[in-house]
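Here are my notes on this one, in the order I'd go through them. Have the viewer open while you read.

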Amino acid sequence: MSGDGRLLGFWYVLPYLIGLMVFTAIPFLGSLYLSFTDYRLMQGASFIGLENYADILTSDRTFRRSFNVTMLYVLITVPLKLAFALFIAGILNSKLKGIGFFRTAYYVPSILGGSIAVAVLWRYMFADTGLINMMLTSIGFEAINWFGNPGTALFTITLLRLWQFGSAMVIFLAALQSIDKSLYEAAAIDGAKPWRSFFAITLPLLTPVIFFNLIMQMVQAFQEFNGPYVITQGGPLKSTYLLPLYIYEMAFKKFDMGYASAIAWVLFVVIMVLTLVAFWSSKHWVYYAGDKRS
Amino acid sequence: MSDSNIHSDKAIEDAEKFLAVQKRRETVTLAIRYTILTVVGLIMLYPLIWLIGASFKTNTEIFAGAGFMPVNPTIDGYAEGWQTSTPYTFGRFFWNTFLIIAPKTIFTVISCTLVAYGFARFEFPGKKILFVTVIGTLLLPNVVTRIPQYLLFRDLGWLDTYLPLWVPSALAGDAFFVFMLLQFLRAIPRDMEEAARVDGANSFQTLIYVVVPMLVPAMISVALFQFMWTMNDFLGPLIYVSSVEKFPVSLALKLSIDTAESFEWNRILAMSVLTLLPSLVVFFVSQKYFVEGISAGGVKG
C-alpha cells in the first residue's frame, strides 16, 4: 500500500495528533508552567519559581495529610483488589457449569461502580440508620458510626473500590484460560501437588497480566474522586481527603490554580516514579513466554 | 499367564479405587467452589438488590429493616423523585445526558477508527514516536492536564456547554480506544484489503467497504464502553456544566442529595435505580462485546 505517498497514513492519524497537541501536550506543559506561578482565576499570573512546591513540601499540613491518606488508600486497595480478583478468577477457572453467569454477576459492579448512583447507595448503606447498621443491630451488634471516625470512613471508600474487582478478574480469567493444560498434567505426573503447580506454573505465566493490572489499577486508584467526594466529602478530619479532592477544591473552589497545578504535578511525579519502579522491577519478576531466562 | 492376570486384575482394582477417590475429591472441591462463588456473589449483589427493593418502599419502611422486599410496594419514590426540587424533572436530566453521550460516542467511534486504521496499515514519518504517545496518554493521569484544559475551554467560551465533553473525543482523545481498535486490526488479515486496492479502491474506500465491516464488533465494544464511562462521568460535567438546566443525571443526583430531598431516601434511591438502568440494560443486552473488548485490550475500571 505505498501508491498513495508516504503521508497518506499521516492524514488518518491527524485528528489524534491535533487532539494530542491541543488537549494533552500543551495543557501538560501549561500545568507545569502554572505550577511555578501564583495564578488565580480573574487575576494575572506572576512567576514565583519554586514557592508553591516549597509550601507544599514544607508547610502545607493539608497536603501532608492528604498525601498520606492517598498513599494508604492506594496501598490498601490495589493489592487487595488484585489478590481478590485473582482468587475468584482461580475458582472460576474450571469446568464449572454457570461460569458465564458468575462472570457476569461479578462484572456488574465494575460497570456501575464509578457512577454517582452507586456512591449515593454507599452513602446510604453506611449511614447511621443505613443498611449495614440495620444488619448489625439485627444480629445483636452495635451500630457503627462509619463516617464519624477516620478508620471506618476510609474503609467505606476502600470497600467501594474493592467491590469493583470484576474487570481485573475478567482479565485474569482470560489469561488463566489461555494456559496450556498439558503443563498441569505433566506436573501432576511428576507428583506435584496443586499448590505447587499454582506457584510453579500458574503464577509465573500470569505475571504479565498481573503487571498490566497492577499499573492500571494503581494509576486509577491515585485518581479516585467520585467515591470520597460523594460518600464522605473527604472527612472526617480529612481522613478520606484524597489528593484529587484537594486539587479539585484548590483549583475550582478557591481558584488557586497555580498552587493546584503544583499539587497535581507532585501527584503526577509520584505516579510516574511508582510506574517506572514497576517497569524497572518487572525485569525481575515478569515472565514472558519464549524468554531465555527460564 | 495366570500370574500376570492376577496382577492386572489387582491393577485395575487399584486404578478404580484411585479414580473413585479422585472423583470424590473433585466433587468436594466443586462444592467448595460453588459455595464460595455463591456467597461472594450474594454479598456483592445484595446492595444492588436492596437498592431496587428500597426504591419501592415508603420512607419509613426503608429504616425499618434490612430486608429487600417491600411490604407495601409503592411507586411514590419514583413519582416524587422524578419531579426533583428544581424546576426541571428527571426527564430533562436524562435528555441532557443523552445529548452528551450520543455525539460523544459517535465522534469517538469515527475518530478512533480512522486513527487506528492509520496506525495499523500505513508507514509514515514519526509513526513510532506518535504511537509511543498513545501508550503515554494511556498512562498519563488526567489530573495533570485538567486545569489548563479548563482555562483553554474558558478562553474559547465553551464553559457551560457540552463542547468540552465532545470535542476531545472527536479528536480521538481517548487513547484507550485507539489502542483497543489497533489490537483488533492487527488480528485481521490484510488479504482482502490488498485485493480491494488491486481492484482500484483507494485507501478510504478500502476502510469503509472492507475494514469497517470486519471491525464492527470492535467498534460496538468501543461505543459501549464510551457509553458506560460517559454515563458514569461526574467530574467532567461538574467542572464544565454549571447551569442546572444543562445538568446530566450524575450532577442532578448529586444535587438531590445536597438539598432538602436528602431526607427522602426513597426518592433518591428511586432516581439512583433509574440512572443505573440504562447501563445495566445495555450491559445485559451486549455482554459478548464487553468480554471481547476486555480480552482485546484490558480495561480500566
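1. A definition before anything else: the domain bounds used here come from an automatic or database domain assignment. With that in mind, chain B is divided into domain 1 (2-76) and domain 2 (86-297), and their centres, taken over C-alpha atoms, are separated by 37 Å. Keep in mind that this is a predicted model.

2. How do the two domains of chain B meet? Nine residues of domain 1 of chain B are in contact with seven residues of domain 2 of chain B. On the domain 1 side, the elements giving two or more residues are helix 1 (2-54) and helix 2 (59-62) of chain B. Helix 1 of chain B gives the most, with three residues. By type, that side divides into four nonpolar, three polar and two charged residues.

3. On confidence, the model scores ipTM 0.89 and pTM 0.89. Chain B averages a pLDDT of 88, and 93% of the residues score at least 70.

4. Now the contact between the chains. Chain A puts in 75 residues and chain B 72 residues. Helix 1 (residues 8-34) of chain A supplies the largest share of the chain A side, 18 residues. That side of chain A comes out as 54 nonpolar, 19 polar and two charged residues.

5. The unreviewed UniProt entry lists "transmembrane region" for residues 31-53, 93-117, 129-153, 165-185, 206-229 and 268-285 of chain B. I'd look at two of them in the model. Residues 31-53 of chain B are 100% helix and 0% strand, with end C-alpha atoms 30 Å apart. Residues 268-285 of chain B are also 100% helix and 0% strand, and there the end C-alpha atoms are 26 Å apart.

6. Zoom in on Ile101(B), found in helix 4 (residues 90-121) of chain B. Is Ile101(B) buried or exposed? Ile101(B) counts as buried because it has 22 C-beta neighbours inside 10 Å, and the cut-off for buried is 20 or more. Leaving aside neighbours within four places in sequence, Ile101(B) is in contact with Phe227(B), Thr230(B) and Met231(B). Asp14(B), by contrast, is 87 residues from Ile101(B) in sequence and 66 Å away in space, C-alpha to C-alpha.

7. Last, helix 4 (residues 99-112) of chain A. Its 14 residues reach 21 Å from first C-alpha to last, close to the 20 Å expected at 1.5 Å a residue. The buried residues in helix 4 of chain A include Phe102(A), Tyr106(A), Pro109(A) and Leu112(A).

Note on methods
Residues are numbered from 1 along each chain as its sequence is written. Chains are lettered from A and ligands numbered from 1 in the order in which they are written. This is a predicted model: local features need pLDDT of at least 70, side-chain atom pairs count only at pLDDT 80 or more; totals for chains, interfaces and linings use all residues. Helices (H or I, at least four residues) and strands (E, at least two) are DSSP runs, numbered from the N terminus. Ala, Val, Leu, Ile, Met, Phe, Trp, Tyr, Cys and Pro count as nonpolar, Asp, Glu, Lys and Arg as charged, and the others, Gly among them, as polar. UniProt positions are given in the numbering used here, feature names are shortened, and annotations may be inferred rather than shown by experiment. A residue is buried if 20 or more other C-beta atoms lie within 10 Å of its own, exposed if 12 or fewer, and partly exposed in between; C-beta atoms are placed from the backbone. pLDDT is the predictor's confidence in each residue, from 0 to 100. The expected span of a helix is 1.5 Å times one less than its number of residues.
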